[in-house]
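Subject: Handover of a structural model

Dear colleague,

Please find below the structure that I am passing on to you.

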Amino acid sequence: MVDPHTWPALAIRGGSPAVSEPPAAMLPGIMAYNEEEEAAVLEVIRSRNVYRFMDAAGGSQCEKLEYLFRESTNRKYALAVTSGTAALLCALQGLGVGPGDEVIVPAFGWIASISAVLGVGAVPIITEVDESLTLDPEAARANISPFTKVIMPVHMRGVPANLDPLLELAGAHSLKLLEDTAQANGGSYQGRPLGSFGDAGAFSLQASKIITSGEGGMVVSDHDEVYARAAMFHDPFSNQLVNLPESDAMWGLNFRMPEVTAALARVQFSKRKRIIDAMRVRKALIKNGIADLAATKSVSFRHLHDESGDTGLALIMFMPDEESAGRVTAALQAENVNCSRLYTQDSTDQHVYASWNSVLNKKQWSEQGGPWTWAARDVEYSRDMCPRTLDLLTRAVQIHIAPVLSNAEVEENLEGLTKVFSELL
């Protein structure tokens, strides 16, 4: 690294960027694509067995993918579906959530988590996050009402939520717990894989996720009834998966995963550990390399409830204030450091509750009714209802940790961070 006494000019002031090449889009799974994914897809196409119930000679790709998720989460059941949103919808139906019920959700999380709650007719109770940027157990406790049915922690930006107190809270109030593991596939908590806690877990295989088949999702659970209900909802032809008497059968929709999607996901699954290991190593190098300087500049790192369970997807730092977060991000981007702010007050970001205008305004698809019409009580929202969340997010700068960063690129990123922190903080 460059001697701090002879820093070159910041790139934002006309100097040369510390990182020699502009960063690639942060798509960890896609970065690992090669001829293996191509061969798996071609195999399905050439077999002409593109639908999971075609009785393929080699067995269903969906069944094989479900086996991988069952084994990796130590769950009794896994159900392959079309998307992470579909996984949440099916899991919520599996848990018996419906009109009049309330689901506690964090104020920071992709809007699909909230949309899934609304999709089954229930009402999301938007709740503060803590310094890990995941659901705050004490805030969740304060938001429990007689109508609460489920607590839904979201393992945001690759790290586990604080599951021990959330599980204790759910147990004390006879509530269900559903893990949204879309952004932390392969992470863990206290030595156990994420998705293996509570009553059900939901995964996403969308393009930006740690492993991806473009779209796709998975529901996991240990409970016979949860799986049966989820399976029936995901496919009206569910007697292929669930042996129930006709009198117990329920109507369903179509969230079946295609065989091509499952084949692609199976190859990606085999690379999951390698991708996560690569991100963890690179994140540790950058974090350790900037830690001492960050401490002198009043920059703190996101709290991790279990550092060993972090997937390494992102290094998130809190600047002293909102204004410095803006200055630092602009300067780092000029240095070609792959970074972004988590939220600005004048932006729209569907990861942040203040941008969920359709939810805050309680928009309903039908004039005849919807989740808030059917609610057991009047639930009010406002853009400033979670001030702690907004304070954390507006001060947060995230460094995207690509699994393909070379050692030289890690050093260049550290140079860029050191230059910017030294000059601007």
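The notes below cover conventions, a sheet, several helices and a few individual residues.

Conventions

The model is predicted, so local features need pLDDT of at least 70 and side-chain atom pairs count only at pLDDT 80 or more, while totals for chains, interfaces and linings use all residues. Residues are numbered from 1 along each chain as its sequence is written, and side-chain values use heavy atoms, with hydrogens and water left out.

The sheet

Helices (H or I, at least four residues) and strands (E, at least two) are DSSP runs, numbered from the N terminus. Seven strands form an open sheet with mixed pairing, in the order β1-β9-β8-β5-β4-β2-β3; two strands pair if DSSP finds at least two bridges between them. At the edges lie β1 and β3 (123-127), each of which pairs on one side only. On average, neighbouring strands of this sheet are turned by 25 degrees against each other, direction ignored. Axes here are lines fitted to C-alpha atoms, for helices over the stretch in contact, and angles run from 0 to 180 degrees between N-to-C directions.

Strand β9 (residues 217-221) is mostly covered, with 5 of its 5 residues buried. Buried means under 20% relative accessible area, exposed over 50%, and partly exposed in between (1.4 Å probe, protein chains only). Both faces of β9 are covered: G217, V219 and S221 are buried on one side, and M218 and V220 on the other. Strand β1 (residues 77-81) pairs with β9 in the antiparallel sense over 5 bridges, and Y77 has S221 as its bridge partner in β9. Strand β8 (residues 200-204) also runs antiparallel to β9, joined to it by 4 bridges; here G201 has V220 as its partner in β9. The pairing of β5 with β8, by contrast, is parallel and extends over 3 bridges, and the partner of E179 in β8 is G201.

Helix α7

Helix α7 (residues 163-172) has the buried residues L163, L166, L169 and A170. Seen down the axis of α7, these residues fall within an arc of 125 degrees, so they line one face of the helix; the arc is that of the directions from the helix axis to the C-beta atoms. The face turned away from the buried side carries the exposed residues E168, G171 and A172. The buried residues of α7 pack against α6 (137-142), β4 (148-151), β5 (176-180) and β6 (188-189), where contact means heavy atoms within 4.5 Å. S174, which follows α7, has a positive phi near 55 degrees.

The axes of helix α10 (residues 322-334) and helix α14 (residues 407-424) come within 10 Å and cross at roughly 140 degrees. In this contact, R327, V328, A331 and L332 of α10 meet G416, L417, V420, F421 and L424 of α14.

Helix α13 (residues 387-395) has T389, L390, L392, L393, T394 and R395 as its buried residues. They pack against β11 (314-318), α10, β12 and β13 (396-400).

Individual residues

Which residues touch H155, leaving aside its neighbours within four places in sequence? They are P160, A161, L163, E179, D180, T181, Q183, A184 and L194. H155 lies in the loop between β4 and α7 and counts as buried at 0% relative accessibility. H155 and V117 are 38 residues apart in sequence and 17 Å apart in space, C-alpha to C-alpha.

S113 is found in helix α5 (residues 111-119) and is buried, with a relative accessible area of 4%. Not counting residues up to four places away in sequence, S113 touches L88, M152, V154 and D180.

N74, in the loop between α3 (61-73) and β1, has a positive phi of about 55 degrees although it is not a glycine. N74 is exposed, with a relative accessible area of 59%. N336 lies in the loop between α10 and β12 (339-341), and its phi is also positive, near 70 degrees. At 15% relative accessibility, N336 counts as buried.

With kind regards
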